[in-house]
Amino acid sequence: MSAQESMEHAEHAEHASGENRKIALLIAVLALFLAISETLGKGAQTESISKNVEASNLWAFFQAKSIRRTVVQTAAEGAKLITAPDDAAKAAVQKQIDDWQKTAARYRSEPETGEGTEQLAEKAKHAEHERDEATAKYHHFELASAAFQIGIVLASATIITGMIALAYISGLLTLAGLAMTILGAWWPHLLHLG
């Protein structure tokens, strides 16, 4: 090998080493973004499950209150059909009917405790909305994670193959992953995924 060839070989090796450092930095950045998107995704997934359980519990409570209200209203309606033999009995039956109707009205709306069927339905709808938002976030973060993972693989392949085009594709995937992470964090319903 001549001195000229040795110098060209050394220059090529130095150039490749510089490129490899850039690719290694790209891989490190991708791994960082992957860790962030995975963490955000798991948090969103946990929140989605939690809100789904909350909504289910609220709807079950709503159903229980509705059943109680129906039973009390039915009892009140049935008591109206009873013909009491004297005025005292009629007054007692009417008092019971009034009590049942008050109870049924309280089951329908109980703002002080928030446990009337109207309030429970509103709470359940709110929990469902929060669940849907968390699920949308989760889907965005999962897509971001996939983009970062594929980007890491392509950047690694660049080092092995020397095909710089793979590094550019990896860079594009990084931008796509960042976009999905940003959408997931601030605008999860913009793309209507999942």
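Q: How many aromatic pairs does a search of the whole structure find?
A: The search finds two aromatic pairs, where rings of Phe, Tyr and Trp (its six-membered ring) pair if their centres lie within 6.5 Å, and planes under 30 degrees apart count as stacked, over 60 as edge-to-face and the rest as tilted. The model is predicted, so local features need pLDDT of at least 70 and side-chain atom pairs count only at pLDDT 80 or more, while totals for chains, interfaces and linings use all residues. Residues are numbered from 1 along each chain as its sequence is written, and side-chain values use heavy atoms, with hydrogens and water left out.

Q: What makes Phe 148 count as buried?
A: Its relative accessibility is 0%, and buried means under 20% relative accessible area, exposed over 50%, and partly exposed in between (1.4 Å probe, protein chains only).

Q: Why is the pair of Trp 59 and Phe 62 called edge-to-face?
A: The planes of Trp 59 and Phe 62 stand at 80°, with 5.2 Å centre to centre, so the angle passes the edge-to-face limit. These two residues are three apart in helix 1 and therefore separated by about one helical turn.

Q: Why does Trp 59 count as partly exposed?
A: Trp 59 has 24% relative accessibility and therefore counts as partly exposed.

Terms used: Helices (H or I, at least four residues) and strands (E, at least two) are DSSP runs, numbered from the N terminus.
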